[in-house]
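Let's walk through this structure together, beginning with a term that will come in handy along the way.

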Amino acid sequence: MVLKKLKNYLEALRKEKNINQEDLAKVLKVSRQTISSIENGRYNPSIILAFKIANYFEKTIEEIFIYEGE
């Protein structure tokens, strides 16, 4: 079984809003490394964190995260 990664637009949205990884991490109460890992596709956020990110950017989860299924 091959696990698919989530693709995301987090980095683009963050840059569009002119906020750095550290400041976004503080708002979301996670580490800067977590933001970096999500942006680079090395970490899939929990559903709670995905909702927090979506709420912060005033987007739906589906507008930020793209699941490439089997």
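A residue is called buried under 20% relative accessible area, exposed over 50%, and partly exposed in between, using a 1.4 Å probe and protein chains only. This is a predicted model, in which local features need pLDDT of at least 70 and side-chain atom pairs count only at pLDDT 80 or more, while totals for chains, interfaces and linings use all residues. Residues are numbered from 1 along each chain as its sequence is written, and side-chain values use heavy atoms, leaving out hydrogens and water.

With a relative accessible area of 33%, Glu11 is partly exposed. Glu11 lies in helix 1; helices here are DSSP runs of H or I with at least four residues, numbered from the N terminus.

Of its 16 residues, Leu10, Leu24, Ile53, Phe57, Ile64 and Phe65 touch the most other members. Helix 1 (10-16), helix 2 (21-28), helix 3 (32-39), helix 4 (47-57) and helix 5 (61-64) each supply at least two residues of this core, and helix 4 gives the largest share, five residues.

Take Ile64 as an example. Beyond its neighbours within four places in sequence, Ile64 is in contact (heavy atoms within 4.5 Å) with residues including Leu10, Leu13, Ile53, Ala54 and Phe57.

Finally, where do helix 2 and helix 3 meet? Gln21, Glu22, Leu24, Ala25 and Leu28 in helix 2 meet Arg32, Ile35, Ser36 and Glu39 in helix 3.

Key. Core = buried A, V, L, I, M, F, W, Y, C linked by side-chain atoms within 4.5 Å.
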